[in-house]
Amino acid sequence: MKIATFNINGIKARLPRLLEWLDTFSPDVACLQEIKSIDENFPRLEFEERGWHVETHGQKSFNGVAILSKTPMEDVMRRLPALDGGPADDDEQARYMEATIKGVRVATIYLPNGNPRPGPKFDYKLAWMERLHARAADLLKTEKPVVLAGDYNVIPADIDCYDPAAWVDDALTQPESRGYLRAILNLGYTDALRQIQPYGQAYSYWDFQRGAWQKDNGIRIDHLLLSPQAADLIKDCQVDRIPRGKEKPSDHTPVWVELDV
C-alpha cells in the first residue's frame, strides 16, 4: 500500500501534472494539500473516471485538502478537533481531513506557515500544532495503523535545509515549531523518511524564485508520520523528485511511504 503526500499548490493550475503523476506513479492513496478550491469546484469527475474515490475539504482560493484513494474510504472526518475533542467551529481554515482506508487511518495535513513572526499568524500556527498533537495522541489510543501525511511547514533540522542561516528567523525553523513536531514524534510516531534514510538531504520543496530548483536549494517540510502499528509495516519511503522538474509544476514534490498492507 503506497501512501503519498503532495502539496499541489492549486488544483486548477496543477491538474494536468497531477493526473500525469497519478497515472504513472499510481499510489494507492494520495493526500493532497493546497487544493485552493471549494468542494463544489473540485474536478472530481476527472479522478472518478480514472477509478479514484475522492474526498475533499475545500476553501475558496486558499488552503484546502483532499484524499484520493483506489479503494473506498470510511469514517471521513473534516477539520482538526478542538483541544477538548469537540468540533473546532471557529476555525474556518480548511487544513485537515482523516479517513480509514484498508484498515489504516490516514490524515492529510496542511499546517499553517506561521509567517510573519512574531504575530497572530505564528500564534495560530502554534495553537494549531497543539491541537494536532492532541489529535495524534488520541489516534494512538486506537492501536491501529495511523499515517499523518502532509505539508507540516516545519523544517525538522538544519540538514533539512540548504542554507540554515538564511532561515534562522523563519517560522518554519523556530524552536517552538520544531518542538511541537518533536513532541508528536515523542508520542511514539516515526518520521517515515528518516526511518529509511537516516542521514542526508531529501528536500520536498523548492521555491519558484532565484533558480532554487536548478541549484537544489530546497527544504524538507512534507512529512509522513507513522504510528507504531504503521511503522511496523514500513517497506520503503522516498521523495519523488520527478514531478518538480516538469513544466508548470507545484513548488512541492510528492513524498511516499509503502506499507506492507
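Reader: Which strands does α4 lie across, and at about what angle does α4 run to β12?

Author: This is a predicted model, where local features need pLDDT of at least 70, side-chain atom pairs count only at pLDDT 80 or more, and totals for chains, interfaces and linings use all residues. Residues are numbered from 1 along each chain as its sequence is written, and side-chain values use heavy atoms, with hydrogens and water left out. Now the case: α4 lies across β9 and β12 and runs at about 25° to β12. Axes are lines fitted to C-alpha atoms, for helices over the stretch in contact, and angles run from 0 to 180 degrees between N-to-C directions. Helices (H or I, at least four residues) and strands (E, at least two) are DSSP runs, numbered from the N terminus.

Reader: In what order do the strands β5, β6, β7, β8, β12 and β9 form a sheet?

Author: Strands of a sheet pair through backbone hydrogen bonds, either parallel or antiparallel. Two strands pair if DSSP finds at least two bridges between them. Here six strands form an open sheet, ordered β5-β6-β7-β8-β12-β9, with mixed pairing. β5 (74-78) and β9 (190-191) are the edge strands, each pairing on one side only. β8 (residues 146-151) and β12 (residues 222-226) run antiparallel, joined by five bridges. Within that pair, D151 has D222 as its bridge partner. Helix α3 packs on this sheet, touching β5, β6 (96-101), β7 and β8. Its direction makes about 15° with that of β6.

Reader: How do the axes of α3 and α4 cross, and within how many Å do they come?

Author: Two packed helices are described by the angle between their axes and the distance between the axes. The axes of α3 (residues 120-140) and α4 (residues 175-186) come within 10 Å and cross at roughly 5°. That makes α3 roughly parallel to α4; the term covers angles under 35 degrees. On the α3 side, the contact (heavy atoms within 4.5 Å) includes F122, L126 and M129. On the α4 side, Y180, L181 and I184 are among the residues involved. The contact residues divide into nine nonpolar, two polar and three charged. Ala, Val, Leu, Ile, Met, Phe, Trp, Tyr, Cys and Pro count as nonpolar, Asp, Glu, Lys and Arg as charged, and the others, Gly among them, as polar.

Reader: What is the order of the sheet that holds β1 and β2?

Author: The order is β3-β4-β2-β1-β14-β13, an open sheet of six strands with mixed pairing. Its edge strands are β3 (53-57) and β13. β1 (residues 2-7) and β2 (residues 29-33) run parallel, with five bridges between them. I3 has V29 as its bridge partner, and N7 stands opposite Q33.

Reader: How many residues of β2 are buried?

Author: Five of the five residues are buried, so β2 is largely enclosed by the rest of the structure. Buried means under 20% relative accessible area, exposed over 50%, partly exposed in between (1.4 Å probe, protein chains only). Both faces are covered: V29, C31 and Q33 lie on one side, A30 and L32 on the other.

Reader: Is T108 buried or exposed?

Author: T108, in strand β7 (residues 104-110), is buried, with a relative accessible area of 0%. Its side chain reaches the backbone oxygen of L32 at 3.0 Å.

Reader: And where is K246?

Author: K246 sits in the loop between β13 (234-239) and β14 (255-259). At 36% relative accessibility, K246 counts as partly exposed. K246 touches R17 and E20, leaving out residues up to four places away in sequence.

Methods: Parallel < 35°, antiparallel > 145°, perpendicular 65-115°, else oblique. Polar contact = N/O pair within 3.5 Å; in protein donor to acceptor, adjacent residues only side chain to side chain.
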